[in-house]
Amino acid sequence: MPHTTHNIPELLAPAGGRDALIAAVVAGADAVYVGAGRFNARVSAEGFDAPTLAWSCRFAHAHGVRVYAALNIMVYEHEMAEALKLARDVLALGADALIVADLGLLRRLRAEMPEVELHLSTQAGAQSAQTVRVAAQELGCARVTVARELTLDEIEAVAATGVPIEVFCHGAICIAYSGACAFSALRRGRSAMRGDCTQPCRQSYGLEDAHGHSVATPDGAMLLCPRDYLGVGHVSELARAGVASLKIEGRMKNPDYVYNVTRIYRAALDAYAAGLPFDAERAERALGRSFNRGFTDAYLRGSSGAELMSFERSCNQGVRVGVLVARRHEAVEVAFEAPVAAGDMLEIRSTPGPDAPADVPKRWPMVPCPENAEAGERLWVRCKRRVEVGSVVHLVRSVAVLDEVRAQLDAALEGAAAEVADAADAAEMPAVLNAKAVGTDDGLEAPASETGTPDVAEVPRVAFPESAAQHDAPLVHAPAEIIMVATPDEAWRQYCDADAAPAGPREVGVFAWRMLEDRAAWDDLLGSMTVVLDEVLRADDVERCRALCTQARRVVCRNLGELELARAAGVPFDVAPPLYAANVDAIHALRALGAERVVMPDELAQPGRRALMCAAGDAPFAVLRTPSPELMVCEHCLLTAEGPCSGSCATCTRRQAEHLLVCSDGTRLPVVVDALGRTRIFDASTSDAPVEDADTALRDNTAAGGTRGER
């Protein structure tokens, strides 16, 4: 990529609490992002009460560092007033900008606080120039955070729009496209779009064929667990691409993580700015001294196969520092390849040799290093568990990093009185800033258990308090039903059955990704059908999407960028998740952008759907009738777990066979990989009953996350 300007991106660091914010500031961040009350996507982070946020903003500003407050969850109708008040409060306390995902909240903020700086969250699914333009020109966003899955070339193309873009450069990856995952919500009753994910991607699974035979070959069962994003070797390329900000993931991480990662990326940016060489390999080793699940730059390179994944374990991988060369009773000798310090925590990765009995397990004992050692030195380390000679030794906790960040925090707090005015006047701010949603895990950052599943409630939350009047109130519009089919033959059968139906012809739809298998077979049908476009709109998807918009009778957009294409083609269009509408303002925002009908989220329980439809007045709605709802879509092909990938997704024979993802409780979830190599995982339950009328459709099955099979 050409070096057109000497652009130096902002370095944006995470701050889950006060100490992490201080660590980010002293390590060289240009800006930090924090959670605001219960309306942020990390409900389990330490967070900030009002006085602490006021103090933290003043501390950051005294060091020339900006503060962005995340209000980036899906907001329910009855919460809108509270969310708006929270936004005003955090701005009054010193936040410089707000990070938002909900389109309804964006609409209200733009109308009521036109001076506020708004950043579109990555949860909104910005993957293309089209999406970025809509966000900036029509939603009023000053900055857009783009998807992690983008390549360097795609990032450059998006930056060329002139809209300031923010890209992730380091940290945890959710295997699903951000915002396009209902796995936790529909299977466990806790929503990732509400900041309350149960981390299904960090759990163990099997992969079976239609006969129940295991087909997974990796040494490990973490089939949905990706490694951590590593961009330190691409800092100069990202800067030359024109990005406005490099973002470090990690609001659930400890201050030592924030400090170590921030200072390393600061060094990389400073070297680029000065035109000096930068040792990326050495930087990677230093980054490995903080929590990581292994590193990958696969997305930036345009890859998303098995090299993306951490199949064996979802916990901290640390960094390799040596190998076990001898053992004796309750002690092992380690030959070190990198320096270690007394008190460092070492993990011995003991894998049984080829001649070991089948019942010999893998072991990962962690032991403290007894004294300092340099690279090339050997040291005996106490270890009670039996481990194998030749085992690799990793460092998983560095006392040097912990000591350094503690010294920096102590110094910053000691000198803070002279730098920051007393924040006691903020103590009377409303308690809304301190509110927390129920839940524990954030979906990305907190390491999951090695075995089993999180202990969480199985019943989804009901989105709205429901009254008898709401339940019995008539709807202005009955939701239109779109019968989704998978093949042209199914579509023809629906039309033939509809001809004899007294109610008239049915509306028949197809998901755009299904048409990839045999595009020509759909040509005679498109002029009569509704095409539901993909959740993802990357640069390579644009022409295919544009063609469908010109040929279909109607389309359903599921990405902001698709709205631009549909309007240009003049085709009538509706909207469906991941364009979420969980409040009246979001419905109005989507209709103002041209949508005729709205499909509500699967995870919105039926009473909540009905209450919202009543509150929306004359806004029309639609329902997608499918055999089972989609749980997630990801760029990674799950079938690479069967073995090496040919790289020819369209002709891959593996895709033609039935596959099931097997959960720890035995539940089997259907898996489909499309002709582009994207994986879609579906719920196990089905709903084939027809929708008789609006009230019936919205009253049955009010428990557990809404009717399965309707969207």
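So, in what order do the 6 strands of the open sheet come, and is the pairing parallel or antiparallel? Before I answer: this is a predicted model, so keep that in mind.

Okay, the order is 22-21-20-19-18-23, and the pairing is parallel. The edges are strand 22, residues 573-575, and strand 23, residues 622-625, and each of those pairs on one side only. On average, neighbouring strands in this sheet are turned by 30 degrees against each other, if you ignore direction.

If you want a pair to click on, take Glu481: its bridge partner in strand 23 is Val623.

Helix 17, residues 560-569, lies across strand 21 (554-557) and strand 22. The angle between helix 17 and strand 21 is about 160 degrees.

Next, the cores. The largest nonpolar core has 173 residues, and the ones touching the most other members are Leu98, Leu224, Val531 and Val555. Helix 9, residues 255-274, gives the most to this core, with 8 residues.

Let me zoom in on Leu98. Leaving out residues up to four places away in sequence, Leu98 touches Ala69, Leu71, Ala87, Val90, Leu91, Leu109, Val116, Leu118, and also Glu117 and His119.

And there's a second, separate core, with 19 residues, including Val319, Val332, Ala338 and Ile348. As background, nonpolar side chains in soluble globular proteins tend to be buried together.

That's my tour, thanks.

Key:
Residues numbered from 1 in each chain as written. Predicted model: local features only at pLDDT ≥ 70, side-chain atom pairs only at ≥ 80, totals over all residues. Heavy atoms only, no water. Pairing = 2+ DSSP bridges. Helix = DSSP H or I, 4+ residues; strand = E, 2+ residues; numbered from the N terminus. Axes fitted to C-alpha atoms, helices over the stretch in contact; angles between N-to-C directions. Contact = heavy atoms within 4.5 Å. Core = buried A, V, L, I, M, F, W, Y, C linked by side-chain atoms within 4.5 Å. Buried < 20%, exposed > 50% of the residue type's maximum accessible area, 1.4 Å probe, protein only.
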